[in-house]
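Dear colleague,

Please find below the structure that I promised to pass on to you. My notes on what was found in it follow directly after.

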Amino acid sequence: MHPTDRQIGDHIDRPFAKQFDKPIQLLDVTKRFKAAQDGEGEITILEDVDLCIARGESTAIIGKSGSGKSTLLHIAGGLDSPTAGKVLCNGVDFATLDDKRRSSLRNLHIGFIFQANLLLEDFTALENVMAPAMIAGRTARDSRPRALSLLERLGLGDRTHHLPSQLSGGEKQRIAICRALMNEPDVIMADEPTGALDEENAQEVERLLLDLVKEDGRSLLLVTHNNDFAYRCDNVYLLKNHALSLEKGLGLDV
Amino acid sequence: MFILRTALKYAFSKGKGQRTSSVVIVLGIALGLAALLVISSVMNGLQTAQLDQLRALESFDVSVEPSSGNDGLSLGLDDVSGIPGIDFAFEYIETYALVVDKTSGKSTSARVRAYSNDAYYSERMAQSLHFIAGEPVGMDGVAVSYTMMNTLSLHSGDDVEVTFLKPGRTATVVPYSTRMAIGALFGSSMTEFSSSTIFVDYQWLLSLMGESSVRIGIYTQNSESVASRIAELSPDSKAVTWKEYNRALYSALMLEKALMYIFLAFMFLIICVNLKNSTRRLLRNRQQEGAMLRALGCTRATVNSIFVLQGVLVCLIGEVIGVLLGILAVNNLQALLDFADTVARFFTGSATVLGFLQFQANTSPLEIMLSCGFVFILAVVFTYMGCRRTYRHEIMEVIFNASY
């Protein structure tokens, strides 16, 4: 059965979504890529992976480069599809949704932060932050107050009308955080958010991310090489040999 | 709203020459459309003016003549005048003659025309045909134009020998020569008509050529319907509309216009290829942003529509500027020609033909709409083609490549 728009949450309060203690669940997820263009042979990235992200908790995935951490994050966020298994977002299986509903689910329930602080180059800091709300169908006038308050909260009140090219790496990443928080998502998914920053900025971003998640009662799924950052999260998983193993915390049974 | 805002920002983005590219395309479309508008308006104006003169003097709107094999019209002037939609109808005779000036020995062939009395004073005729000296009605002699006077080195009051071919008793036609004085002088708005036509008195020519040579000329705004009504009333008569009479010229004018449109269509085609390449380049440069937009919650269709819309916006802006420029140029055509003449005179030091040209521009809203529609469809198709092939990558792949 297809989920209704109400389940996906076309309104900001999303009372239905708040009933879920596990905003993201991965059930027996397997991901394989074709080894070459001609399609002969496959490379296994993930094999029967189970993962559950609890509401209000931070979870970090660590592992070597090429182990499949980012792939896991993209699958968890509905950016990519698993070869086998299920990914549930607030109880809704991504695989059962068409592109419109899947995009809407991503827009309202998940906030992404990437290493390369992918901002929209021609948009000002304020417009970048307002983008998810405008994609959700809200007007610029309606979105502006929350975007401004987020920018103020992250110390970017004087940078609202600057273009990304006029901002430092740390500032850009903070704007990416504001943008991820704009639609009050249940889960923040961060892929190496401090990877491109110097130590000072990296620590600032780490602190902000963890504090914001705790304060707002959101969940954080973090992929990082930085073990110090990872071990400040509630749960830490190591991705090795296509599977996850719990390194810290209690984890959560799917 | 987000799509429109993003498309507009993308279309005129400062980065990687996108703004320059879009501005060049906007200018190309604007100038092309303005040129199209000016050229088509001027051509319409010239066409209308030329055809109006032809219809007034040469062919009339409809002329009724006996069908081949019939001896004279079976339809009278009163029958024709009673047909609804006819502004004015008159009898006339047309034949050909050789005009010789015995003094100078010069000769020329001429079309001889004679209109029934009131035809010369009808509104349409009087606008294009002027008698400078003498009266055409009851004229004792022949009316010639200045051009023919110059051709034959004639002077006012001279005699000319005119040789007609009149119906004979035993032979079909026999030559008939007579000396005629130049009894009137005329001018018309068509040089070719003036230089090849002479007028004689209608009654005199009627007595010479006989009733079978009489035709009926008609002025009407509904030539097609009048012609078909005449065909219904009298199958023995042949009603020739001005389009049929001037078929060669009319077709040439249409062909000229069609060729101009084809030529300009090629220009728009080239501009739209640029639009396609610009969109493709934009898409390549913005692939990561496209992927980011998808991560933020845009559907694939939304992201594609942003890229298509930016091309459409560039086209629409070009069209609006083009139409405004075109209308401005058409309304100030004479001033533009004077300016061009001044510039040309500055460089050449002498007056140019531009200063004497008098254009009557005639803008057709339908042609403007069709031209805009054509350019718009072309732009949409080419922009879509620019988006279609490039945006193939999965978002995860693009974001992954952007991150590492």
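Chain B of this predicted model is divided into two parts: domain 1 covers 2-49 + 250-403, and domain 2 covers 60-245. Taken over C-alpha atoms, the centres of domain 1 of chain B and domain 2 of chain B are separated by 52 Å.

Turning to chain A, its secondary structure consists of nine helices and 10 strands. Of the 254 residues in chain A, 50% are buried. If one takes the contacts in chain A between residues at least 6 apart in sequence, 70% of them join residues at least 24 apart.

Helix 7 of chain A spans residues 169-181 and helix 8 of chain A spans residues 199-216. Their axes lie 10 Å apart, and the two helices pack at an angle of about 15°. Because angles under 35 degrees count as roughly parallel, helix 7 of chain A is roughly parallel to helix 8 of chain A. The crossing of these two helices is right-handed.

Which residues make the contact? Helix 7 of chain A contributes A:Gly169, A:Gly170, A:Gln173, A:Arg174, A:Ile177 and A:Leu181. From helix 8 of chain A come A:Asn201, A:Glu204, A:Val205, A:Leu208, A:Leu209 and A:Leu212. Sorted by class, the contact of helix 7 with helix 8 of chain A has six nonpolar, four polar and two charged residues.

Yours sincerely,
A colleague

Definitions and conventions
Residues are numbered from 1 along each chain as its sequence is written. Chains are lettered from A and ligands numbered from 1 in the order in which they are written. This is a predicted model: local features need pLDDT of at least 70, side-chain atom pairs count only at pLDDT 80 or more; totals for chains, interfaces and linings use all residues. Domain bounds come from an automatic or database domain assignment. Helices (H or I, at least four residues) and strands (E, at least two) are DSSP runs, numbered from the N terminus. A residue is buried if 20 or more other C-beta atoms lie within 10 Å of its own, exposed if 12 or fewer, and partly exposed in between; C-beta atoms are placed from the backbone. Two residues are in contact if their C-beta atoms, placed from the backbone, lie within 7 Å. Axes are lines fitted to C-alpha atoms, for helices over the stretch in contact, and angles run from 0 to 180 degrees between N-to-C directions. Angles under 35 degrees count as roughly parallel, over 145 as roughly antiparallel, 65 to 115 as roughly perpendicular and the rest as oblique. A crossing is left-handed if the near helix is turned anticlockwise from the far one by less than a right angle, and right-handed if clockwise. Ala, Val, Leu, Ile, Met, Phe, Trp, Tyr, Cys and Pro count as nonpolar, Asp, Glu, Lys and Arg as charged, and the others, Gly among them, as polar.
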